[in-house]
Amino acid sequence: MAVGAPVLSHSFPIVSSFSHFTTPTPTTRSRHPHLHPPSINFRTSHQQNLRYLKSLNIIDPQTRFRSPDAVDQILTTVHFLKSKGFSDSDFPRLAFFCPNLFTSNFDTTDIAPVFHFLAADISASIQESRGLILRCPKILFSDVELCLKPTHRFLKQLGIENLKSPSNLNSHLLNTRVEKLRNKIRFLQEIGFSYEEASKVCGRMPAIFGYSVKENLRPKYEYLVKVMERDLEELKGFPQYFGFSLEGRIMPRHLHLKQRGLHIPLNSMLLWSHNRFYSKWK
């Protein structure tokens, strides 16, 4: 997927080791309209480069680099990421979650396989890849062969599609090891779902993979069967139950109905809006 390198939007031209770049002349640009002015000015001073990196929150304002080579290496990473669709406004987030991206010994070849995976395996565009990474920057340091590819295959087997869409859910799903995903299926089997039923539930509502068994799923299940006295079959018919807040929605609505001696289907109890529920069951 060939995409032209985007022009850097900063006000400080920066020095880089890419000395083979030259400025296209007007004649050259007329023959090759696809060429853009270079994004890097190689005559920029070391201090200007430092000010630029500080403006991106990549380096601390008090930091002083003795060697321009260290700055050049960080600028190489900036240039690489800009070629992948990232803009100046993206760098503070990347630097906050992945500070080792912007160190003098970092090599961009370490993260290049992740971009290839997103483009080739997920079929994500440059902007979709950028969106996925910004929502979970640590995906840049996931091992493609040991983590990303096996997880992608597992999610596809469950019928989860459109993983290239840049959402928090998709980003974190792709960056989750298969064994951790399987733990959710094992929990559902433990409480009485068959493997096929559990797999179907996870495929229909993949957000369940983000819930903690100990802090979220198990307490909701125990409240359902021990306090609400509802059975597993009702849960199988409405597994979306796990997606509702226990303290914020499930408990207060159950107690409201119990005080009035009412019992309604689980989906009606939870899906109805606040106004509709409390006006209907006064």
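In which loop is the place of S45? In this predicted model, S45 sits in the loop that runs between helix 1 (26-31) and helix 2. With a relative accessible area of 33%, S45 is partly exposed, since that value lies between the 20% limit for buried residues and the 50% limit for exposed ones. The C-alpha atom of S45 is separated by 9.6 Å from that of P68, a residue that stands 23 positions away along the chain.

The secondary structure of the protein chain consists of 15 helices and zero strands, and of its 282 residues 43% count as buried. Where contacts join residues at least 6 apart in sequence, 67% of them link residues at least 24 apart. The chain exposes about 15400 Å², of which carbon and sulfur atoms supply 51%.

Helix 2, which spans residues 46-55, has N49, L50, Y52 and L53 as buried residues. These four cover an arc of only 160° around the axis, and therefore they lie on the same side of helix 2. Helix 3 (68-83) is included in what covers the buried residues of helix 2. After helix 2 comes N57, a residue whose phi is positive, near 65°.

Further along the chain, two pairs of helices can be examined in turn. Two packed helices are described by the angle between their axes and by the distance between those axes. For helix 7 (residues 144-157) and helix 9 (residues 178-190), the packing angle is about 30° and the axes are 9 Å apart. Because angles under 35 degrees count as roughly parallel, helix 7 and helix 9 are roughly parallel to each other. On the helix 7 side the meeting residues are P150, T151, F154 and L155, while helix 9 brings V178, L181, R182 and I185. By class, the residues of this contact of helix 7 with helix 9 comprise six nonpolar, one polar and one charged.

The other pair is formed by helix 11 (residues 213-227) and helix 13 (residues 246-259), whose axes come within 12 Å and cross at roughly 5°. That angle makes helix 11 roughly parallel to helix 13. In the contact, P219, K220, Y223 and V227 of helix 11 meet a set from helix 13 made up of L246, I250, M251, H254 and L255. The contact of helix 11 with helix 13 divides by class into seven nonpolar, one polar and one charged residues.

Notes. Residues numbered from 1 in each chain as written. Predicted model: local features only at pLDDT ≥ 70, side-chain atom pairs only at ≥ 80, totals over all residues. Heavy atoms only, no water. Axes fitted to C-alpha atoms, helices over the stretch in contact; angles between N-to-C directions. Helix = DSSP H or I, 4+ residues; strand = E, 2+ residues; numbered from the N terminus. Parallel < 35°, antiparallel > 145°, perpendicular 65-115°, else oblique. Contact = heavy atoms within 4.5 Å. Nonpolar A, V, L, I, M, F, W, Y, C, P; charged D, E, K, R; others polar. Buried < 20%, exposed > 50% of the residue type's maximum accessible area, 1.4 Å probe, protein only. Areas by Shrake-Rupley, 256 points an atom, 1.4 Å probe, with all protein chains shown as cover. Arc of directions from axis to C-beta.
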